Amino acid sequence: MKNVIPFLVLLLVNCCFAQNKFDLKKAQKFQKQINSEYADAKTSPLMEEDLKTFKTLDFYPINGKYFVNAKFEKAENEKIFEMKTTGTRTPQYIKYGTLYFTIDGVALKLNVYRNIELSKKKEYKDHLFLPFSDLTSGKESYIGGRYIDLKIPKGNTIAVDFNQAYNPYCAYNHKYSCPLVPLENDLNVAIKAGVKTFH
């Protein structure tokens, strides 16, 4: 019995604090997928003249340092709000939770949001939206910040791979209206991962 108790404690710890590991293949797959989507006239946000010469988006080198297992804290009693966009559209979102993590020893936090309309669709019912800006924004990466798609976690941690950060469609084409990164999601570090600025 004495031997069983430490084993059960270990099992419990591993279940509750499951740590995902950085997967290079997933990051490579993301790059391949987004490139093929942007190269296809049916799914591309690119303007016609850019599409003609498009070969690949510009990415930062894939780096495991920018994969984090963040502590996830679900928000309570949040009100639905209209998120500002680059256009006149004001989609409804709700703050779903806060992520706490460190990069290069710096403690950071970001809020994640849920799109009210999208969450009514079966394929997006567990989708979370993570918009952020950082010290590369307006220099090496898009001035308006970038996005990451996440899923509602089962426990109190969530894996975030900044290597899969992508630009809003309005970084490529002015006809799109894109959510603006909320001020509280501006990071005071350089996230040198994911998609770089276009042109």
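Me: Before anything else, what counts as a salt bridge here?
Reply: A salt bridge is a side-chain nitrogen of Lys or Arg within 4 Å of a carboxyl oxygen of Asp or Glu. Keep in mind that we're looking at a predicted model.

Me: OK, so which residue does Glu140 pair up with?
Reply: With Lys192, and the closest N and O atoms of that salt bridge are 3.0 Å apart. The pair links distant parts of the chain, 52 residues apart: Glu140 is in the loop between strand 5 and strand 6, while Lys192 is in the segment after strand 7.

Me: Are those two buried, exposed or partly exposed?
Reply: Glu140 is partly exposed at 33% relative accessible area, and Lys192 is partly exposed too, at 37%.

Me: How many salt bridges does the structure hold?
Reply: Six. Another one of them joins Arg146 and Asp134, with their closest N and O atoms 3.2 Å apart. Arg146 is in strand 6 and Asp134 is in the loop between strand 5 and strand 6, 12 residues apart.

Me: Buried or exposed, that Arg146?
Reply: Buried, because its relative accessibility is 0% and the cut-off for buried is under 20%. Asp134 counts as buried as well, at 4%.

Me: What does Lys65 form a salt bridge with?
Reply: Asp104, with 3.0 Å between the closest N and O atoms. Lys65 comes from the loop between helix 3 (48-53) and strand 1 (67-74), and Asp104 from the loop between strand 3 (92-103) and strand 4, 39 residues apart. Lys65 is partly exposed at 36%, whereas Asp104 is exposed at 59%.

Me: What about the phi of Asp104?
Reply: The phi of Asp104 is positive, about 55°, although Asp104 is not a glycine. Most residues other than glycine have a negative phi.

Me: Where does Asn77 lie, and what is its phi near?
Reply: Asn77 is in the loop between strand 1 and strand 2 (81-82). Its phi is near 55°, again a positive value in a residue other than glycine. Asn77 counts as exposed, since its relative accessibility is 76%.

Me: New topic: what volume does the largest pocket have?
Reply: About 1,600 Å³. The lining is made of 46 residues, and the ones nearest the centre are His127, Ile148, Asp149, Leu150 and Tyr166.

Me: Which element gives the most to that lining?
Reply: Helix 2, with seven residues. The elements giving two or more residues also include strand 4 (106-115), strand 5 (127-132), strand 6 (146-151) and strand 7 (157-161).

Me: And how do the lining residues divide into nonpolar, polar and charged?
Reply: There are 25 nonpolar, eight polar and 13 charged.

Me: Back to helix 2. What can you tell me about Gln31?
Reply: Gln31 lies in that helix, which covers residues 24-39. Gln31 counts as buried because its relative accessibility is 17%. Leaving aside neighbours within four places in sequence, Gln31 is in contact with Phe59, Tyr60 and Ile62.

How values were computed
Residues are numbered from 1 along each chain as its sequence is written. This is a predicted model: local features need pLDDT of at least 70, side-chain atom pairs count only at pLDDT 80 or more; totals for chains, interfaces and linings use all residues. Side-chain values use heavy atoms; hydrogens and water are left out. Helices (H or I, at least four residues) and strands (E, at least two) are DSSP runs, numbered from the N terminus. Buried means under 20% relative accessible area, exposed over 50%, partly exposed in between (1.4 Å probe, protein chains only). Contact means heavy atoms within 4.5 Å. On a 1 Å grid over the protein atoms alone, a cavity is a set of points where a 1.4 Å probe fits but cannot get out, and a pocket is an open set with protein on both sides within 12 Å along at least five of seven lines; lining residues have an atom within 4 Å of a point. Grid points are joined across faces, edges and corners, and a volume is the space filled by probe spheres set on the points. Ala, Val, Leu, Ile, Met, Phe, Trp, Tyr, Cys and Pro count as nonpolar, Asp, Glu, Lys and Arg as charged, and the others, Gly among them, as polar.
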